[in-house]
Amino acid sequence: MRLTQTQTSTPAKHPSSRRLRSLVATAATAALAVTAFVPLAAAPASAESTAPSDGLLAEYLFDETSGTSVPNSAPSAIGAATVMNGNDSLWTGSSLVFTGGAKTSPTASWVRLPDSLLAGKTTATITVETKFDASMKNTFNFLWNIGNDATTQYYFTSVRDNARTAITTSSNGGEVNARSGSALSADRWYSLTSVIGGGRITFYVDGQQVASTATNLTPASITNQTLNAIGRSPWPDPMYKGEVSTFRVYDRALSAAEVTAVSDADAALHAASFQQAAQTIVDGVANVTIDEATTTLPSYGGRITWTSSDARLAIGADKLTVTAQQPAQGQAAVQTTLTATASVRGTTVSREVPVTIQPVPGVETPYGYVMVHFIEDSAGYAEKIYLDVSRGDNPEYWDPLNGGKPILASQLGTTGVRDPYLTYNPETKTYYIIATDLRVFGGDRGVSGCMDWCYWSSKGSTKLNVWESKDLVSWSAPKQFDVAVSGGAKVAELGMAWAPEATWVPNYYGDGRGAFVLYWSSNVYTDAAHTGSTYSRILWGATTDFSQSSYQYGGVFIDAGANTIDTTIIQNAGKTYRITKDNGAGKGIYMESTAAAEWWKPAATWTRLQTAIGAVWAGGNAGGVEGPAVFQRHGENKWYLYVDVIPSTGYRPMQTTDLDAGWSQLVSSSFYMAPSTKHGGIVGLTRGQYDTIRAADATAAVTSDLGSVEVAEKATDASIRAALPAKADVTLAYNRGTASQPIEWNLSTVDASTPGTYDVTGTVRTIGANLNQWVGAGGSTAWNAADRTLFSSTAISVTAKVVVTAAPLPVTAIAATRCVAGKVVLTVKVTNDGTAPVALDLGTAYGSKTVASLAPGASTSAAFTTRLGSIAAGSADVTVSAGGATAHTTAAYAAASCG
């Protein structure tokens, strides 16, 4: 039975009384907030805070005390909402309690919204005042949904993990997410707002923008809006557990200021609760260790700012950047404090936090980490290489490099890059990034009958993408090699080659030379047509440099009789630990160990240690995580394992201090990683390497015009480069000051054989100068575009002028004076010192003369009568021409008097 949306069990309240609550935050509540707490720099909610009414389609204020009907307070024809599975005990007087539970539960409360709420609308804003139960943080849920009970088209917000809003017309694989960079706290009131307009979906928390993503989708794209809801997902997810106070729907995109106004107005309803919320946040601030001269302090999701009363610690204008006076290398650490201030919607609470200032480490000291990964973005071509660096030596806080933009791209093969891994050859001192050659979004989808994942896993690329670098800053163009080809011949029928990783084995060849043992996942077939039933195994091979010439195919590494993918390895105390994703037997991510020296060979015996690793991050679903990445913390018996929560959430952390004991969930309010950071690898750095990476992560040149230089005619490129500035100062990301970086000058515009002034452009050596985009013929980025050419979209350029001066012609000019009849006569003598005739133009203040040709070794003189008894000192101008070249010189003379 379907209830009509206008059915009610209690009379509706008069709209005017409800509008008073919706539009104006009471002065009494605002006064309570001011007297109880220190105000923020941004004013707390006050009698001036109002929610905008323009474009308001629906406004549901959950201040009933009984019944199951919630009137629409907006001046529109849209009807009431209905509380499903409701009862009077769920009303608090200012909110409705959502009980949670299974979707099939007859007692799980939710709210049914009117049908077609945003039908045909190309812009919209949905804002809700809510607090949620802690169980929602790790459980799939929809806070609200515009759509129906199918899982193809929907527009929603979820508070799971890092809260997000998303829209899709192609199920979860096509979700366009605007995801917060940090998780929300349970049992605390939030204003959560989703805005669609201007080709973007934008997410706000408490009136502050936390995420925005480009999208062509709009609410009108959701063509079936027959089951719009609060607290209910179209998926078989648990029902929402928490409370909702207000729910508003606009048919336009509110401005940032208007979103803030909504948040401030609704904040007044719960002002008395914010002091405890702020206290809880500030109590959770961990002690701080500062181990570099300039760094950014943790903001705990934008809720914490910092101040200092210690002259050794200077806090920047952003109240997060700290500049420290570190003790010298070898000296003792310094203990001091900083003041952390938690801000919750106009309420602040502060406390002193202990701080340790570490001494400056040596350049070879293990320090910091770098992570390679890719990003899942169904709305854009993001399947490229990205790099993040740890904030200082802290492996629980990651800063995206290059402003979060790609570092590298591939124009080869499928033109997609997924599942990258970073590794190092200690013999050649070379770093390598290896990655899957697969483009899911916008790539080759196959043919009817076997498309997308069917095609990609049976007739996909068996080549791996490879980049190399000596310094982790400047990377080569990509190359590829085929893991199904060894010794010049095809050695296996493989459906694909996914998720490659490699472990360096010293003395692999037995003669002192080491090699990488490479491992990846492939479907293995018995026929060239790749037909019949099969499953994914982990295979292995060996190589020194990830080239076709050095690569040797090994065989099967893991065959579990069902699909296995994504193996990663770490070694400790004589044991090798491999962590693999099982997609066939329900084990999820599982870990095994062996003490075998040749662990890659079939004779090695493996002991299973743990299964379903990281499932807690996917609501207990062992299959909901993949792509494990493992590494050890510097100088400690502590290891981290990042698990990729699919399809788009990205990495979430696990930890252990005993590999044999297995992994546990790392829950920390100070852990940070950008949303959708997916499937990659991490390596440790030295302090020197860390500083090199940070100094190359630049946002702009301090000065883009570097002036001009002069070079002689016919100067070589080498001499021109030597004359140009060798380095440019750049502004570093994350408020880290400036650095000086080398310039690579493009001299293609300079014709050194012709005197003149030429504009030149130089590219500054930075992380962003790598080849991170490509374009094909006609500007196409289609996977099969012709003439695909790599370029950098984030390089920092500088300019200069090269002035090519004419070479001086070989003449000598002399000027002299004498007296004739009481008047001064000026004489100019020019000698041709060269080997070819020259033409002369002689110019003085008292006349000029042209000499058509002066032979080599010859001289000519010209006398100019001044008709003056005395003259001041001056010079004669001589213009010399020969072979189309012209030069100028002068001949000076002294003052003269014939009196």
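In which loop is Arg867 found? In this predicted model, Arg867 sits in the loop that runs between strand 60 (859-865) and strand 61 (870-871).

**Backbone features in loops**

- Arg867 has a phi near 60°, which is a positive value in a residue other than glycine, and with a relative accessibility of 65% Arg867 counts as exposed, because exposed means over 50%.
- Asn402, although not a glycine, likewise has a positive phi, of about 60°, and Asn402 belongs to the loop between strand 25 (394-400) and strand 26 (418-425).
- The relative accessibility of Asn402 is 7%, so Asn402 counts as buried, a term that applies under 20%.
- Between Ile646 and Pro647 the peptide bond is cis, with omega near 10°, and Pro647 itself lies in the loop that links strand 44 (639-645) and strand 45 (650-656).

**Nonpolar cores**

- The largest nonpolar core has 44 residues, and those that touch the most other members are Phe62, Val111, Tyr155, Leu192 and Phe247.
- When neighbours within four places in sequence are left aside, Val111 is in contact with Phe62, Ala81, Thr82, Val83, Leu96, Phe98, Asn228, Ala229 and Ile230.

Terms used: Residues are numbered from 1 along each chain as its sequence is written. This is a predicted model: local features need pLDDT of at least 70, side-chain atom pairs count only at pLDDT 80 or more; totals for chains, interfaces and linings use all residues. Side-chain values use heavy atoms; hydrogens and water are left out. Helices (H or I, at least four residues) and strands (E, at least two) are DSSP runs, numbered from the N terminus. Buried means under 20% relative accessible area, exposed over 50%, partly exposed in between (1.4 Å probe, protein chains only). A nonpolar core is a set of buried Ala, Val, Leu, Ile, Met, Phe, Trp, Tyr and Cys residues joined through side-chain atoms within 4.5 Å. Contact means heavy atoms within 4.5 Å.
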